[in-house]
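Okay, next one up is mine. Let me put the structure on the screen, and then we'll go through some ring contacts together.

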Amino acid sequence: MLEVGSYFWLIAAFAVVPLVRWLHLRNMRANSFIVPSLLLWADHVQARSKEERGRRIDPRWRLRALAACFLGLALAGLSLRSDNSPPITVWFDGSSSLTVVEGGDQRWQQALPELALDLEAAGADRFTVQSLTARGAIKTFSLQDRVEWEKGFSLFVNSTRSRSNLPSPQEFLPTNRHWLISDGADLRLPQWLMSVPMERVYSVGSTTDNVGLTNMAVRRSLSHSDQLTGVVTIDNTSTQLMTRRLSILVNAQNVFGEDVVLAPDKPRVIPFLLPQTGLNTSVFAISAILEPKDPFELDDVIGLNALEMLKPLNVNPPRSCGQHFRLALESNPAFAVTSRDGGITVSCAKTPNPEADLRIWQSPDASTKAVGPVWTKAAGRLAEVDLGPVQLSFVANGGNGDGIPLLRTQEAVLISAGDTHGIDVFVDLQAREMVREAVFPLLVAALVKRAAKREFSEPIAQKSFERSLSDITPRVIPVRPVFPGIKSVGLTPWLVVLALLFMSFDLLLTIQQGRGMGLNPRSTV
Amino acid sequence: MNRADLNALSRLAEGLLGGHPLFAGAGHLLSRQGGSGDEFFEFQTYKPGDDIRNVDWRASARSGQTLTRCHREKASALWYILVDCSTSMRLSGKMGLDRWTLATNLATAFAALLLQSGHRVGLVLFDDDVRVHVPPRSGSLHLELLASHVVSHPEGHAKTGSSVLSAVKQLVRPTSCVVISDFLWPGGVSDGLKACAELGGETHVLRVASPADTDLPEGVPIISLRDSETSAQLSLMNSREAAILASREALHKLESELAQFCHSNGMVFSISGAHEDWKKCLIGHLKRTAVARA
């Protein structure tokens, strides 16, 4: 395929041909001498002079016109691109902001007409769509039926929406042309684009105003056990003051409503209180809704299933763990001592089950008194359990040195986190000195909580979005055009050489004919 | 040109022609109407309406019938001066020699001499068609009209070269013609001049030559030659000198053929150079006229 750098010079290159001819015609007139009558000079030529009028121009005008034309083409920056069009990969930005509705279409749909034209112009018969953020999501479409591939494209887009790490430059096939559909709302894109061979970016989107729910959390009320308390966070990412109506729905019933005024670019937390009675039903769906809806509807609703999330954590301690351990668990409303599957598995044995979440090492031999146990930095919130006055004893030779120490003395590790999972407890949890202490149930709860990777003993139902997801402001993405895999040959040197050849040939003819004082050997007089 | 010159030329012409009337012209011997003439011609039988003063009583008595005297009338003849006004007549040769000036002087001089002899003189300026047609008149005032037309006429714009045929077609018999041209007519001169001769009067042919006919400038690279009238353009093949030589030969041949043609058709032919004085040219032509009559 022939590519043109400057269309001005291209037009000039072709316009120069008639210009050169006209100049030669004019020059011929200028160098002609008017005689009273050609009768005296040549009778026989006069009869056909009119027919040969056009041919009487110095024939070297063609050489000169070609030389000028080739020089013009050289200035036009012509280049020859391989006809074998490289495969095209269209990267799709899976950011939620691409679903913002503008003018009846979602943002990503705005790019389709231009994309279709470009694909046609590129001479491609198929192209591949790859998600920018959903790894491995890739699909190839044939361009034969536009309706069909646009439909498939739509299905692909809706199934791969997410925002995660951007692909590395190594994931870009060097033989492909890479195009991107994005609105630039993802702030990581500009810097990322500098490192990848992206040829073209279809920038879409125009709306900037958006109010969205970024977080909702619910827990049992500490003061009223039959109620739930919760908070929602509303974020106004626009640049102006916005007003919304916040509604909280429980099982599709409106239980709370408030008009909220939102300052620009500032999150606002709204607390609310709900009766807990709904927890007895099979479905306890809590959702927050903002009205009226804006172009980006995805963050105008946030919902969670509180029944699933607020239920106590199942713990199934074997009898070998002892009665005190079991009582400590049963006394905590956050835990449900049950034999049902799910929840935390506990193993209390001389050699506990390595698959268990909480492995409590036991020994029939007398345990060793621990001197000055201290929590390590890795203990985290476990360290909140104050073991100061408690006399601890631990299983001798229990710790094998593996794992991350959480509680230790100078001589031994008392509690450690497993390499893969779970917690190993070498503290003797059945020692009389231990179970009588008030700190014992706290320690048990903290261990279970750590094993379950929970921050709070009491469950909290929470759902949140990154604040950046509510930022739908489209931004222009700078792109450094890269044409990987496209072999383009510049024709400029060849055109210049051709022009020089024609000019040299013309010069040679001029020198040869100059001896005749400008007289044309082709004349027929 | 002034009247004194013309009077002197008129006397010179009378002398050159041996007392015969200058430019007898067509119809000079044809008028037999009585009246103004003094020279007796013949007796005619009296017809009602004849002037009774012309009755010759003595001859009538001798013949027994009433006879009247018929006198030869010195009638005015019809002359046309045909001047080629095409572009080729306007081209100046070396040193600005202009054949158009010479042609206009000759035309005016001829008109003056003819008018002075009592003829009626008309004028036609032509190129490939008739550009000016001044009907014939007599009298000295008519000379000024003729002169003004000749002098003020703009350059012709013929596209196909000059031709006198179209001019001759407008003239009526009997008419005598004076044709002044370069005679570089692309269609040839024979048809046009024959048409003049067939008008029944005298035909005087004056070729006005110019160095521009066969000259090319020096030191200028000439690629082609362009016809001043047809705009036809031809490239030069040979060197300048060779081309000039060839054109001079062609001109010489053309002039010879023209002279031969005029001689064989009873026309008076002369060639005047643009560099020559018009009086000298006119006298030269009158001499040729005298020779032809002799």
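Start with Arg200(A): its charged end sits over the ring of Trp179(A), 4.4 Å from the centre. By that I mean NZ of Lys or CZ of Arg within 6 Å of the ring centre and within 35 degrees of the ring normal. Arg21(A) does this over the face of Trp61(A), at 5.7 Å from the ring centre.

Quick housekeeping. This is a predicted model, so local features need pLDDT of at least 70 and side-chain atom pairs pLDDT 80 or more, while totals for chains, interfaces and linings use all residues. Residues count from 1 along each chain as written, chains are lettered from A and ligands numbered from 1 in written order, and side-chain values use heavy atoms, without hydrogens or water.

Now, how many aromatic pairs are there over all chains? The search finds 15, where a pair means Phe, Tyr or Trp rings (six-membered ring for Trp) with centres within 6.5 Å; planes under 30 degrees apart are stacked, over 60 edge-to-face, the rest tilted. Phe8(A) and Trp9(A) have centres 5.3 Å apart and planes at 75°, so they're edge-to-face. Phe8(A) is exposed at 58% relative accessibility, and Trp9(A) is partly exposed at 35%. The cut-offs, with a 1.4 Å probe and protein chains only: buried is under 20% relative accessible area, exposed over 50%, partly exposed in between.

Then there's Trp361(A) with Phe426(A), a tilted pair at 5.4 Å and 35°. Both are buried.

Last one: Phe92(A), Trp108(A), Phe127(A), Phe141(A), Trp149(A) and Phe153(A) make up one aromatic cluster.
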